[in-house]
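Grab your viewer and work through these exercises on how two chains meet and what space is left around them. Try each task before you read its solution.

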Amino acid sequence: MLVFRGLVAEPLLEGADFDYGEYLSGQCLTCHQNSSDEGIPAINGAEALYIAKKLILYKNKELENEVMQLVASALDKDEIASLAIYFNSLEK
Amino acid sequence: MNNLSRRAFVSFALASTSLLAMPAISTGSARPKVVVVGGGAGGATAARYIAKDSKGAIDVTLIEASKQYYTCFYSNLYLGGFREYDSIGHSYDNLSANHGVNVVHDWAISVDSSARKVRLGSGATVSYDRLVLSPGIDIKYDSINGYSVEAQTKMPHAWKSGTQVKVLRDQVLNMPKGGTFAMVPPPNPYRCPPGPYERISMVAHILKERNPTAKIVVVDPKNKFSKQGLFMAGWEKHYPGMVEWIDNDTHGGIKNVNPETMEIETDLDTFKADVACVVPAQRAGAIAMNAGVTDGDWSPIIPASMQTKADSNIYVLGDASVASSMPKSGFSANSQAKVAANHIRGELTGSKVFAAKFSNTCWSLVATNDGIKVGANYKAGEEKIEAVEKFVSKTDEDNAKRKKTYEESIGWYNGITTDMFS
């Protein structure tokens with residue numbers, strides 16, 4: 001939890017809710033697992049800010065991939081922040 | 001657990017120790033109990049998420065007859081020679097070892113919803129506070145004249161993965177030179193909408209290499225199908241002249257199949273095949289019918305939770321449910337399982353219940369390194385699960401993009417099977 005406290009000063013992660021991130025992550029974990037590596041990147045333990053920025057780029061359709069654009073389009077800023085801190089907490 | 005359900009649970013727990021004639025499977029705990037029937041993409045995911053996220057606060061029992069589960073998704077890739085059979089098989093060992101799920105390898109025979117008990121093939125009963133049914137499909141053998149349980153060795157449906165897909169692959173590999181492969185896809189609604197057409201692609205892939213003068217005839221009870229433009233363009237590109245698709249309006253309806261003569265009779269013509277894959281109409285797995293939570297062939301659900309409309313203690317996931325606009329797919333079942341798991345935890349432990357969000361993507365392989373996909377995300381409407389946004393691959397994509405889509409599907413396979421079984 002200390003790690004999140006350190007990060008919430010970052011505006012992109014301000015609205016983060018760990019429990020909500022855990023629930024939302026179910027949608028991501030169908031594809032993103034440490035075992036998926038080839039074809040779909042493993043994101044467990046990635047930097048929270050990195051995940052949030054990537055999701056925003058997909059949401060804005062500045063990164064290509066239909067599935068990710070679709071997923072990100074349905075997420076608001078707080079949901080992106082929640083997912084980012086949750087995935088950051090998972091073991092690589 | 002709220003007071004009402006705790007009282008109900010305690011009174012049933014007492015009754016079960018003194019009154020039941022048949023042995024009851026019990027872990028001896030006073031934790032709320034969830035029983036999950038069916039260890040596929042819906043059931044295995046639900047059991048794992050309820051056990052994992054409740055951190056031991058909920059006693060989870062998974063009833064699944066098979067010790068080794070062969071995924072339906074990617075069984076076409078085994079058929080086409082892109083996967084080894086063993087690579088689509090998975091065990092339930094980790095669900096017990098890592099999450100404490102009590103895995104019982106047996107058939108669920110019946111549900112007594114007023115007593116909240118499931119009776120197993122062994123005669124034992126298992127009590128529940130919440131029941132999750134994810135039984136997949138049953139084949140309606142009598143939906144095609146001439147088809148039967150016995151006919152399936154001659155004309156396999158191979159629509160439940162496992163040994164029938166092996167039988168079908170052997171038949172295709174041993175087909176006479178220049179012979180005919182016939183496919184009868186199922187009518188809507190059915191498990192895996194693009195599946196029959198990926199199967200045709202995989203058979204064409206084998207025949208192109210081993211038996212290039214062979215033909216494929218598709219006698220479809222429908223007039224259109226999933227990713228139709230993409231599949232038909234792919235067949236023309238990779239297997240020119242090999243695949244003939246005949247829609248229902250053209251052949252006028254399938255009148256009869258004859259597994260002895262290997263003939264498929266329609267109004268238009270009688271098609272004689274050397275190898276035939278005949279996939280009849282489908283319905284919810286028998287236990288959903290038995291539990292009294294179906295209306296017609298499928299089980300209507302409340303979109304926000306996946307609870308059945310008939311019984312709020314019983315949830316139905318995946319193919320057996322009426323989850324339109326979501327297709328009947330493994331991805332859909334996995335997605336629905338997480339919504340149900342979150343709701344069940346909330347009901348039994350008081351954890352926060354978040355709004356339902358669903359998603360699905362169906363990848364299909366048309367030829368080596370030629371992958372296509374269709375997907376959508378969904379929200380719970382009042383009456384149905386409503387699509388929010390959708391996408392589908394485009395016909396003019398370059399080879400690099402198609403290869404990447406195929407590689408993405410391999411990542412998805414590894415991901416979802418980890419999500420179900422780890």
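**Exercise 1.** Find the partner of Glu79(A) in a salt bridge.

*Solution.* Start with the rule: a side-chain nitrogen of Lys or Arg has to be within 4 Å of a carboxyl oxygen of Asp or Glu. Glu79(A) pairs with Lys357(B), and their closest N and O atoms are 3.5 Å apart. Now widen the search to the interface of chain B and chain A, where the rule finds three salt bridges.

Before going on, some ground rules: this is a predicted model, where local features need pLDDT of at least 70 and side-chain atom pairs pLDDT 80 or more, while totals for chains, interfaces and linings use all residues. Residues count from 1 along each chain as its sequence is written, chains are lettered from A and ligands numbered from 1 in the order written, and side-chain values use heavy atoms, without hydrogens and water.

**Exercise 2.** Describe the interface: how many residues touch, how much area is buried, and which elements of chain B take part?

*Solution.* Step one, contacts (heavy atoms within 4.5 Å): 34 residues of chain B meet 25 residues of chain A.

Step two, buried area, meaning the accessible area (1.4 Å probe) that the two parts lose on being put together, summed over both. The two chains bury about 2500 Å², with 54% of it on carbon and sulfur atoms.

Step three, polar contacts. These are pairs of N or O atoms within 3.5 Å, one able to donate a hydrogen and the other to accept it; residues adjacent in sequence count only if both atoms are side-chain atoms. Between chain B and chain A, 16 residue pairs qualify, both at pLDDT 80 or more.

Step four, elements, which are DSSP runs numbered from the N terminus (helices: H or I, at least four residues; strands: E, at least two). On chain B, at least two residues each come from H2 (43-54), H10 (330-349), E22 (357-367), E23 (370-380), E24 (385-392) and H11 (399-421). H11(B) has the largest share, ten residues.

**Exercise 3.** What lines the largest cavity?

*Solution.* On a 1 Å grid over the protein atoms alone, a cavity is a set of points where a 1.4 Å probe fits but cannot get out, and lining residues have an atom within 4 Å of a point. Grid points are joined across faces, edges and corners, and a volume is the space filled by probe spheres set on them.

The whole structure has three cavities of 30 Å³ or more; the largest has a volume of about 90 Å³. Both chains line the largest cavity: among the residues are Tyr23(A), Gln27(A), Asn334(B) and Lys338(B). Lys357(B), the salt-bridge partner of Glu79(A), is also in this lining. H2 of chain A, plus H10 and E22 of chain B, each supply at least two lining residues.

**Exercise 4.** Which peptide bonds are cis, and where is phi positive in a residue other than glycine?

*Solution.* Most residues other than glycine have a negative phi, and most peptide bonds are trans. Here, one cis bond joins Asn188(B) and Pro189(B), with omega about -10°; Pro189(B) sits in the loop between E11 (180-184) and H6 (195-210) of chain B. Another cis bond joins Ser324(B) and Ser325(B), with omega about 20°, and Ser325(B) lies in the loop between E21 (321-322) and H10 of chain B. For phi, check Ala158(B): the value is near 50°, in the loop between E10 (137-139) and H5 (163-173) of chain B.

Key: 1 Å grid on protein atoms, 1.4 Å probe; cavity = no way out; pocket = protein on both sides within 12 Å on 5 of 7 lines; lining within 4 Å.
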